[in-house]
Amino acid sequence: MQPIIIVLIILVVLVFIALIKTVQVIPQASAAIVERFGRYTRTLSAGLNIVVPFIDTIRNRIDLREQVVPFPPQPVITQDNLVVNIDTVIYYQVTDARAATYEVASYIQAIEQLTVTTLRNIIGGMDLERTLTSREEINAALRGVLDEATGKWGIRVNRVELKAIEPPTSIQDSMEKQMRADRDKRAAILTAEGIRQSQILTAEGEKQSAILRAEGESKAAALRAEGEAQAIRTVFESIHAGDPDQKLLAYQYLQMLPKIASGDANKLWIIPSELNDALKGLGGIVNIPGAPGMGGGGNGGNGDGGTRRENPSLDKD
């Protein structure tokens, strides 16, 4: 009985192993390569799959999702013979599991080496300044070459990104000094432009102020002249409207004499000849002794427009 039990146990174990080998569950976004006696037969898709146990074997399981692979910094020589270190990141996706298994031994290593060689070819035709400012151009060129080369491997390169471009330390120092000098230059130019604009605005303001001041003074002078003219016209009209006689005029002349003689600088002043005639009439009325023209010893007389008299109050020397 014991040999039979042992055989049954062995059969049960074999059946169990056969069932495990027969039923294959493939996760979503994955694929499996099936070989029969070492030869490719089919590709298992996601879900429950049945294979022939002990005859069919799973060669490789491949993830069909998009993968991200960063590559270490690679030294690259530019056109102007400067060595820069460039970090790259590749975004790729397996589109054909069979080709990715049989067309290339290790597609990750193949993509890395292809990236390095293509990057050196692209950067070798650019100088340092263009390399630092042409990332999009480098990414597009690198992606085109990689996508064309990896198509037969069942790989699609979706994106290629340059993480960093690091020039030599001496070049970085020179670039920093140049950038600092450019910033200082721009700051000096902006400061000078600000001062110039301020001076222009100040000059324009002073000009406008002087113009407005002159216009105001001109208008004020015109208004004053107009007021004085109006006052003279009013006085003239009032005098003529009142019809003054010679006596009133003589009295007004007498009132103006002290004002004419006032002042330290009035050494010599002119008496109009009409004043003598006016004083004759006024003297005859009020009997002013010594009035000009009244026989009292005055210096009256009609000259050629006026009588010259000196101011006795100011002849002190």
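What percentage of the 317 residues of the chain count as buried? In this predicted model, the figure is 25%.

**Figure 1. Overview of the chain.** The secondary structure of the predicted model comprises eight helices and ten strands. Taking the contacts between residues at least 6 apart in sequence, 64% join residues at least 24 apart.

**Figure 2. The largest nonpolar core.** This core holds 34 residues. The members that touch the most other members are Ile 86, Ile 90, Tyr 92, Tyr 107, Leu 119 and Ile 155. At least two core residues come from each of strands S2 (30-36), S6 (67-77), S7 (83-94) and S8 (155-166). Helices H2 (97-102), H3 (107-123) and H5 (135-150) likewise each supply at least two. The element that gives the most is H3, with seven residues.

**Figure 3. Surroundings of Leu 119, and a separate core.** Leu 119 is one of the residues that touch the most other members of the largest nonpolar core. Leaving out residues up to four places away in sequence, Leu 119 touches Val 76, Ile 86, Thr 88, Ile 138, Leu 142 and Leu 162. Another core, of five residues, lies apart from the largest one. Its members include Ile 26, Ala 32, Val 34 and Val 51.

**Figure 4. Packing of helix H3 against helix H5.** Two packed helices are described by the angle between their axes and the distance between the axes. For H3 and H5 the angle is about 140° and the axes are 10 Å apart. H3 is therefore oblique to H5, since an angle has to be over 145 degrees to count as roughly antiparallel. The crossing of H3 past H5 is right-handed.

**Figure 5. Residues between H3 and H5.** On the H3 side, the contact is made by Ile 111, Leu 114, Thr 115, Thr 118, Leu 119, Ile 122 and Ile 123. H5 contributes Ile 138, Ala 141, Leu 142, Val 145, Leu 146, Ala 149 and Thr 150. By type, the residues of this contact are eleven nonpolar, three polar and no charged.

**Figure 6. Glu 129 in helix H4.** Glu 129 lies in helix H4, which covers residues 128-133. The relative accessible area of Glu 129 is 62%, and the cut-off for exposed is over 50%, so Glu 129 counts as exposed. Thr 78 is 51 residues from Glu 129 in sequence, yet the C-alpha to C-alpha distance between the two is 9.7 Å.

Note on methods:
Residues numbered from 1 in each chain as written. Predicted model: local features only at pLDDT ≥ 70, side-chain atom pairs only at ≥ 80, totals over all residues. Heavy atoms only, no water. Core = buried A, V, L, I, M, F, W, Y, C linked by side-chain atoms within 4.5 Å. Buried < 20%, exposed > 50% of the residue type's maximum accessible area, 1.4 Å probe, protein only. Helix = DSSP H or I, 4+ residues; strand = E, 2+ residues; numbered from the N terminus. Contact = heavy atoms within 4.5 Å. Axes fitted to C-alpha atoms, helices over the stretch in contact; angles between N-to-C directions. Parallel < 35°, antiparallel > 145°, perpendicular 65-115°, else oblique. Left-handed = near helix turned anticlockwise from the far one by under 90°. Nonpolar A, V, L, I, M, F, W, Y, C, P; charged D, E, K, R; others polar.
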